Amino acid sequence: SAAIQKCGGKGRALKVMHVVYDALWAMGSKYVPDGYSAERVLPIPSDPPETPQQTVPEAIQEQPQEGASSSATSQQNVDVMTERMVECFKIALQTIPDRSLPLIASTVLETHMKPHSPDLPLEVKRTSYKKLTVFLKEMQKLGLCTVKE
């Protein structure tokens, strides 16, 4: 893609290994895009599919309590952010056009994941992964993508 050529072909790349009705689809919302049926793929209209609206989980909205419960609330916030990252990654995989692959890792987060979480800004440092490369390698272990360094 143009972004990879712009940076001289260096950096991390992401190749999506996903189709409708596969394991990733089964883990998600099971949304079937227009034109897909179990038997064949039909032409689709030019309008992109709508993505479900996300809401801020109550765990993030609550203010941390004083003392010992502060640690529990902090861990709960990490868990919520980690879960949101995975959700947004799965949604992003469905919206990335094949012609733009492979992608630079930071592009996946900034351009394809963050727009699917407008109410809760995605911050990798606030997840259990702490770094984008660790997150992407975990997604690779789950068979959702391939990471090349």
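Tyrosine 129 touches Thr82, Val86, Val134, Phe135, Glu138 and Met139, when residues up to four places away in sequence are not counted. Of its 149 residues, 36% count as buried.

**Tyrosine 129 and threonine 82**

- Tyrosine 129 is found in the loop between H5 and H6, whereas threonine 82 has its place in helix H4, which covers residues 68-95.
- The two residues are 47 positions apart in sequence, yet their C-alpha atoms are 7.6 Å apart in space.
- Tyrosine 129 has a relative accessible area of 16%; because the limit for a buried residue is under 20%, tyrosine 129 is classed as buried.
- Threonine 82 is also buried, with a relative accessible area of 11%.
- Apart from neighbours within four places in sequence, threonine 82 is in contact with Thr127, Ser128 and Tyr129.

**Overall arrangement**

- Read from the N terminus, the elements of the protein follow the order α-β-α-α-α-β-α-α-β.
- Among contacts with a separation of 6 or more, 66% are between residues 24 or more positions apart.
- The protein exposes about 9,600 Å², and carbon and sulfur atoms supply 52% of this area.

**The largest nonpolar core**

- The largest nonpolar core contains 27 residues, and those with the most contacts inside it are Phe89, Met113, Phe135 and Met139.
- At least two residues of this core come from each of H4, helix H5 (105-113), helix H6 (132-141) and strand S3 (145-148).
- The element that gives the most to this core is H4, with eight residues.
- Methionine 113 touches Met85, Cys88, Phe89, Ala92, Val108, Leu122 and Phe135, leaving out residues up to four places away in sequence.
- Valine 108, one of the residues touched by methionine 113, lies in helix H5.
- Valine 108 is buried, with a relative accessible area of 1%.
- Between valine 108 and leucine 132 there are 24 positions in sequence and 9.9 Å in space, taken from C-alpha to C-alpha.

**Helix H6 and what follows**

- The buried residues in H6 include Leu132, Phe135, Leu136 and Met139.
- Viewed down the axis of H6, the buried residues fall within an arc of 95 degrees, so they line one face of the helix.
- Glycine 143 follows H6 and has a positive phi, near 80 degrees.

**Cysteines**

- Which relative accessible area does cysteine 88 have? The value for cysteine 88 is 0%, and this residue is buried.
- Cysteine 145 is buried as well, with a relative accessible area of 3%.
- A disulfide is a covalent bond between the sulfur atoms of two cysteines.
- A search of the whole structure finds zero disulfides.

**Backbone features in the loops**

- Most residues other than glycine have a negative phi, and most peptide bonds are trans.
- Lysine 130 is not a glycine, but it has a positive phi of about 70 degrees.
- Lysine 130 lies in the loop between H5 and H6 and is partly exposed, with a relative accessible area of 45%.
- Leucine 101 and proline 102 are joined by a cis peptide bond, with omega at about -5 degrees.
- Proline 102 is found in the loop between H4 and strand S2, which spans 103-104.

**Confidence of the prediction**

- The average pLDDT of the protein is 76, and 64% of the residues score at least 70.
- Where is confidence lowest, and where is it highest? The lowest mean, 48, belongs to helix H3 (residues 58-61), and the highest, 93, belongs to H6.
- Over residues 51-56 the pLDDT stays under 50, and the model has 13 contacts beyond four places in sequence for this stretch.
- Residues 59-65 also have a pLDDT below 50, and the model shows twelve contacts for them beyond near neighbours in sequence.

Methods
Residues are numbered from 1 along each chain as its sequence is written. This is a predicted model: local features need pLDDT of at least 70, side-chain atom pairs count only at pLDDT 80 or more; totals for chains, interfaces and linings use all residues. Side-chain values use heavy atoms; hydrogens and water are left out. Helices (H or I, at least four residues) and strands (E, at least two) are DSSP runs, numbered from the N terminus. Buried means under 20% relative accessible area, exposed over 50%, partly exposed in between (1.4 Å probe, protein chains only). Contact means heavy atoms within 4.5 Å. A nonpolar core is a set of buried Ala, Val, Leu, Ile, Met, Phe, Trp, Tyr and Cys residues joined through side-chain atoms within 4.5 Å. The arc is that of the directions from the helix axis to the C-beta atoms. A disulfide is a pair of cysteine sulfur atoms within 2.5 Å. pLDDT is the predictor's confidence in each residue, from 0 to 100. Accessible areas come from the Shrake-Rupley method with a 1.4 Å probe; for residues, only the protein chains shown count as cover.
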